[in-house]
Amino acid sequence: MLKNNIKIAWRHILKNKFISAINFTGLVVGMVAVLFIWQYVAYEKNYDKIHENTDDVYRVSTDRVKDGVAFMKFAAGAACAAPVIAKNFPEVENYVKLVKSGDAIYKRKDKNEVTYQPEKVYFVMPSLFDIFSFPLAKGNTATCLSEPFSAVITESVAKKMFGDEDPIGKTLNRNNDSDYKITAIIKDAPQNSHIKFDILLSYITYSDVFNSDNNNTETGPYWDGFLSYLKLKSQTDWKDLESRIPAVMERTYDKETSESVVFHLQPFNDIHLNSNLLFETEPPGDGNAVNFLFLIGSLVLIIAWFNYVNLSTARSELRAKEVGVRKVIGSDRSSLIRQFMVEAALMNIIAILTALLLAQVLAPWFVNLIDKDIPMSIFSNLGLLSVVLAVFLLGTLLTGLYPAFLLSSFKPIHVLKGSSNQSKKNRGNWMRKGLVVFQFIASVGLIASTIIIYTQLDFMKDKKIGLDIEQTLVIKRPIVTDSTFTAKAKTFRKQLEKLSVAKNVTNSTSVPGQPFGMTVGASKWGNDEENFGFHAMCADFNYADTYDIELVAGRKLSKEMGNDQNSCILNELAVDVFQIETPEEALGLEINFWGDKLKVVGVVKNFHHEAPKSIMEPMILRGFGERFSPDYFSVKLNTKEIGQTMASVESIWKSLFSQNPIDYFFLDDHYDQQYNSETLFGKIFSLFSGLAILVSCLGLFALIAFVAERKKKEIGIRKVLGASIPSIVTMLSKDFIKLIFIALLIAIPLCWYLMNNWLDGFAERIDIQWWYFALAGLIAISIAILTMSYQSVKAALLNPVESLKTE
Amino acid sequence: MIKLTNIERFHKNAAQKNWVLKDVSLEIEQGEFVTIMGPSGAGKSTLLNIIGMLDDQDNGEYHFFDEEVHKLKERKRHELHKHYMGFVFQAYYLIDELTVYENIETPLLYRKVPKAERQSKIAEVLDKFNMVAKRDLFPSQLSGGQQQLVGVARAIIANPKLLLADEPTGNLHSSQGEIIMDLFKKLHSEGMTIIQVTHNEKYAEYGSRVIELQDGFIKEDRITRQEISENIIS
């Protein structure tokens with residue numbers, strides 16, 4: 001019987017080529033969408049899963065609080081966090097601290113010419129390997145980081161620097177100033193891991209050698225930049241523990257410290273998608289975006305499933321005769337249900353096999369699109385296989401059950417009565433209308449969402465950021481420097497100024513699109529009690545001019561004023577923080593900046609140092625003091641002739657910093673990179689919206705074909721009676737147009753709510769305008785009418801003689 | 001075999017009852033070949049469908065052998081129908097997606113007949129109906145008469161006790177119609193009980209008894225001339 005069912009199902013698929021093709025296309029598109037999106041979602045959700053037993057691991061984040069308001073939140077927080085918590089809470093089994101080592105060039109001691117500039121280097125405690133399970137390739141994780149000046153490298157670094165040689169026991173030289181012995185090799189961490197590194201150096205080097213003069217590496221509450229992970233005893237109530245930390249801080253330090261430095265625990269597994277703090281180790285994922293994409297990927301498939309249900313039930317009249325005959329010749333309902341289920345299963349299985357194949361073919365393209373190195377190896381992944389199975393089973397049930405029950409319910413007496421009108425009773429009509437409405441809710445919602453997302457992206461990109469970042473070349477400082485750097489930097493700057501293409505040149509410790517780099521607790525001079533938090537950077541007198549920052553009061557830092565290293569500029573927000581009424585009143589204020597007495601000489605308008613997706617912060621821009629040196633040289637160019645310019649810049653660089661490769665970027669591109677994740681989200685979102693809409697339209701196209709087919713006779717009669725073609729087109733389409741309007745009414749509030757949520761994630765956001773929905777509705781209706789018009793015009797043009805001929 | 005007592009069937013409209021069958025009582029013995037005649041709308045098909053258990057009467061009793069059909073549940077009626085009856089339709093109603101062979105096979109599949117037995121039965125019937133060469137054709141590739149032959153073959157393949165035919169020749173040319181009627185006669189002579197609905201006086205004479213319906217009543221219930229002459233001969 002099963003064989004028989006499959007045979008009949010197959011013949012039905014072949015016979016109804018039009019419907020089958022539409023069902024098949026829709027299902028394949030939906031399934032490919034789901035295979036891609038779900039893999040991406042799985043990738044994001046399985047972040048950090050290489051580590052076993054991370055359920056009891058927490059990261060300590062540090063909030064800097066003023067008057068009960070956290071004004072800065074650090075992922076890599078205070079130096080004292082982990083030691084103090086571990087010491088006072090027996091629930092803490094173990095902890096590890098990591099602190100980032102600055103950019104440096106590493107050389108092989110035995111082969112000086114082999115150099116490498118790693119991206120991520122940490123000083124790290126040996127307990128890293130007790131808490132996390134980074135797989136070891138060679139060496140001993142228990143001892144590899146216990147001695148000062150030990151280094152652990154990853155396999156890829158080993159390959160790069162040592163080729164086939166055994167690196168263990170060899171020595172690496174860092175920036176010509178310190179030597180590290182390689183004690184172990186670790187396998188590279190997978191892409192989806194938020195702790196990634198190239199080289200690990202023993203923490204004891206950092207704490208006991210480099211900072212031997214102060215004990216602050218373990219006790220400093222105001223020294224940030226330390227990643228701290230705690231392993232708690234299992235079953236520990238971490239929220240409770242977190243709430244008891246302030247008391248410990250007060251006991252260890254004092255009330256003021258416990259109120260201004262507040263620690264939070266973040267469950268390790270939540271970090272990637274739910275944490276977006278200062279000094280994150282990797283760009284954080286966006287849990288919201290991941291959920292959105294999951295939803296929309298699934299929507300495409302659901303719409304395709306609905307197409308199947310719609311078309312099957314719409315066709316019910318055509319199948320009714322068969323059902324009736326089968327019942328008369330002895331079939332009971334259950335075997336009919338089985339037969340229709342087999343049909344659904346067959347269609348689903350063909351579709352999913354095609355989808356798997358297509359997904360394999362398109363995988364490189366998708367990986368390229370999302371710009372993430374996701375392993376898209378479908379057949380090696382058991383999880384994916386179960387997804388495929390789930391899609392198949394769920395699809396078969398969803399697409400098969402309703403039509404099966406509906407069709408098998410027909411009474412033979414009704415459907416076999418020859419010309420009787422009873423068989424024309426349109427069963428499943430309400431269901432079908434409901435599903436069409438759903439599809440259009442999805443389509444309209446997706447179109448509107450796409451419009452909103454792109455408007456928001458454009459808004460952010462076009463937003464006046466208060467800075468001029470066009471035609472700006474930024475050169476990073478050399479990595480390997482010595483005591484001559486300050487002098488060389490001045491020379492470099494002077495020579496850059498001499499270039500004919502250079503309109504303006506400035507040095508600074510940060511440039512737009514980069515973090516400020518410094519956070520400072522500053523106070524009014526002589527009033528150390530009242531300490532405020534600011535972002536800060538150093539820049540020379542030319543910074544405000546080069547970047548065209550608008551002055552509100554006072555003056556910019558200036559060469560003519562001579563020694564401006566003790567002057568500073570505030571932005572308007574900083575003036576507010578100091579609780580000063582007007583910018584003018586702030587002029588002349590003396591502030592304590594890490595012990596330096598700085599005089600406020602000017603106030604500038606707030607500007608977006610970082611992209612407008614994050615909020616603007618109070619800022620202090622100070623002149624270079626003795627302890628600061630420039631990290632960036634910015635050159636404002638008066639030409640678009642890049643090649644020539646770069647050649648001359650490079651030759652200057654070579655003459656001064658020959659040991660270092662030049663590293664530069666153009667600021668507008670660099671600044672826009674901050675929108676990478678949003679742009680990507682927009683791209684994926686619009687792509688899958690397009691697919692969803694395509695699949696719904698396919699369904700609509702087929703549905704209207706059916707309506708036209710069923711009303712063939714009616715159309716014929718109307719034409720004989722003198723109906724015009726437009727009136728027939730209207731007659732055929734008006735029911736669907738009505739449904740689309742109902743869908744609009746439901747889609748608008750739903751979409752408004754969801755998109756409002758999404759927009760809330762941005763510091764500067766657009767307001768949702770009514771016309772977004774009007775436009776989305778217009779687009780949806782136009783697409784629908786276009787889809788329907790083909791079929792309805794075709795039907796309307798039919799010669800009534802043809803359609804009225806009885807069979 | 002069949003005993004109908006005061007069978008009534010009506011459609012209720014808002015205002016009134018429209019009678020389809022009114023107070024129909026009749027008995028049919030095993031081995032009879034009954035023809036139901038009458039003008040359009042007389043209730044012929046409805047009566048046939050009630051006997052075939054495809055339709056329910058609104059009032060009255062229906063005894064089929066010893067079963068009180070009017071008291072039976074849907075499921076049990078379906079069992080009776082499946083076990084005892086074969087149907088032939090005016091429009092053949094073959095399943096378009098199945099070949100001749102498969103169409104005839106379907107009732108056996110629903111009766112869970114083993115494969116070997118199915119094959120021999122179908123071979124036998126194809127042979128009997130002279131359709132062996134057509135076994136792998138689809139209905140659309142057959143003439144109307146051939147399609148109806150398949151319809152009859154399908155109706156009798158599971159050895160029903162009762163063959164019901166609703167205007168079996170209605171869509172056929174007379175030559176094709178005669179082939180079908182000859183076939184019916186042959187089946188009847190082999191012991192099959194047959195009830196057919198027809199408009200055709202000539203085809204009515206193939207049977208043993210004619211029931212004339214008019215406006216839902218039995219107008220006349222007579223033995224056919226054919227039967228009379230056969231009786232006289234015997």
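Colleague: Before we start, what are the ground rules?

Modeller: This is a predicted model, where local features need pLDDT of at least 70, side-chain atom pairs count only at pLDDT 80 or more, and totals for chains, interfaces and linings use all residues. Residues are numbered from 1 along each chain as its sequence is written, while chains are lettered from A and ligands numbered from 1 in the order in which they are written.

Colleague: Is A:I185 buried or exposed?

Modeller: The label is a neighbour count: buried takes 20 or more other C-beta atoms within 10 Å, exposed takes 12 or fewer, and partly exposed is in between, with C-beta atoms placed from the backbone. A:I185 has 21 of them within 10 Å, so A:I185 is buried.

Colleague: Which residues is A:I185 in contact with, leaving aside neighbours within four places in sequence?

Modeller: Contact means that two C-beta atoms, placed from the backbone, lie within 7 Å. For A:I185 the partners include A:A137, A:K138, A:I153 and A:P167.

Colleague: Now the domains. How many residues of domain 1 of chain A are in contact with domain 3 of chain A?

Modeller: Domain bounds come from an automatic or database domain assignment. Here, 11 residues of domain 1 of chain A are in contact with six of domain 3 of chain A. The C-alpha centres of these two domains lie 30 Å apart.

Colleague: And between the chains?

Modeller: There, 20 residues of chain B are in contact with 19 residues of chain A.
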